[in-house]
Amino acid sequence: MSHYDDLETRSADEREAAQLAALKAQLAQIDGAAEVESLADLTKFPVLRKSRLAEWQAAQRPFGGIRASNVTHMFQSPGPIYEPGSVASADWWRMGRFLHAVGIGTTDVVQNCFGYHLTPAGHMFESGARAVGAVVIPAGTGQTDLQVRAAADLGATAYAGTPDYLKVILDRAAEMGETLGIRRAAVGGGALFPSLRQDYADRGILCLQCYATADLGNIAYESESQEGMIIDEGVIVEIVRPGTGDPLPEGEVGEVVVTSLNPDYPLIRFATGDLSAMMPGQSPCGRTNARIKGWMGRADQTTKIKGMFVRPEQVAELVARHPEITAARVIATRDGEMDAMTVQVKAEGGEEAAWAASVTQVLKMKGRVERVDTLPNDGLVIEDRRDYG
């Protein structure tokens, strides 16, 4: 497969020189920013965390005083945190590089099953599909029978969405007696478990995943070699010791910190809260940028379940809504190939039905509510029991 552009095969020196020039241009737009002479000088800047960004935004709407230009959309993520978006420039979130790596191009019809409302994922992947010349079915989430009907009638050849929802569509299609023509899948918003990837492979579908966020766009992506995730050309990625801004040596697991080189929204050393590690060497596919091992857990307790982030602050709000609740814990598990959520509640009295309604309202998804007599005294309010092996 050909590469997306010449940026993917640059030498390390060429890439570093270009990124340093772009970084200096970014910093020139920020009053009082320190000067840099190399990418190593990024350590002069503090790590920016989502909690701090939320504080800035609460004090100054919409983006906390961070200069944003060419804005055509404004999105809301849980917190709430607001992110800019744009269609004023081509592929603003840089997703085309990933879709090209999946093998999606001008002959494809992409069923885009990411959400289009408030959150930007649907727009991000549509932008990437346009960049590679594919036709898009803006399917969004839910209404599985209609998803099957659209995929069959409109000749969908590729899927974009969370990893597990494609299986829901395929299984429902089989029940309806429909044979779909989907052969490639570009997924994100949750972990692609090995068993699920194999299930798709057994059906003749190549499924690759990317690592992207609403704030930063594409950060890293898989290629056909499926050996780690190649860092996108439009960002600088550091792996730092959790809770600090200190870079870690290659191979050590730490928090992913990203500097975006998007001139429309300059985020410097933005902490994702995710854990990963740098891999040695280069990808066998010929792309020369550094690779990370992929998602290896959370540096904090914030956890993605069913494609949505669940934050400790939300668990605290759930407890505060019901005076009888003394403690609660959200547990992420797997039910077959789907994410599942259980909320354990320790309480004196109260009704499970009322708690379940609050779970849906506060956590933005349904989950099983379980009354328990005790909870471990370990400080955890969110526990991820899924196997990422």
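## Largest cavity

The largest cavity has a volume of about 60 Å³, a cavity being a set of points, on a 1 Å grid over the protein atoms alone, where a 1.4 Å probe fits but cannot get out, and a volume being the space filled by probe spheres set on points joined across faces, edges and corners. The model is predicted, so local features need pLDDT of at least 70 and side-chain atom pairs count only at pLDDT 80 or more, while totals for chains, interfaces and linings use all residues. Residues are numbered from 1 along each chain as its sequence is written, and side-chain values use heavy atoms, with hydrogens and water left out.

Among the residues lining the largest cavity are Thr162, Asp164, Phe193, Lys306 and Arg334, lining residues having an atom within 4 Å of a point. Because domain 1 (12-297) and domain 2 (303-384) both give residues to this lining, the largest cavity lies between them; the domain bounds come from an automatic or database domain assignment.

## Surroundings of Gly115

The C-alpha atoms of Gly115 and Thr162 are separated by 9.9 Å, although the two residues are 47 residues apart along the chain. Leaving aside neighbours within four places in sequence, Gly115 is in contact (heavy atoms within 4.5 Å) with Ala121, Gly122 and Thr141.

## Nonpolar core

The largest nonpolar core has 46 residues, and those with the most contacts inside it include Phe98 and Phe125. Such a core is a set of buried (under 20% relative accessible area, 1.4 Å probe, protein chains only) Ala, Val, Leu, Ile, Met, Phe, Trp, Tyr and Cys residues joined through side-chain atoms within 4.5 Å.

Key
1 Å grid on protein atoms, 1.4 Å probe; cavity = no way out; pocket = protein on both sides within 12 Å on 5 of 7 lines; lining within 4 Å. Buried < 20%, exposed > 50% of the residue type's maximum accessible area, 1.4 Å probe, protein only.
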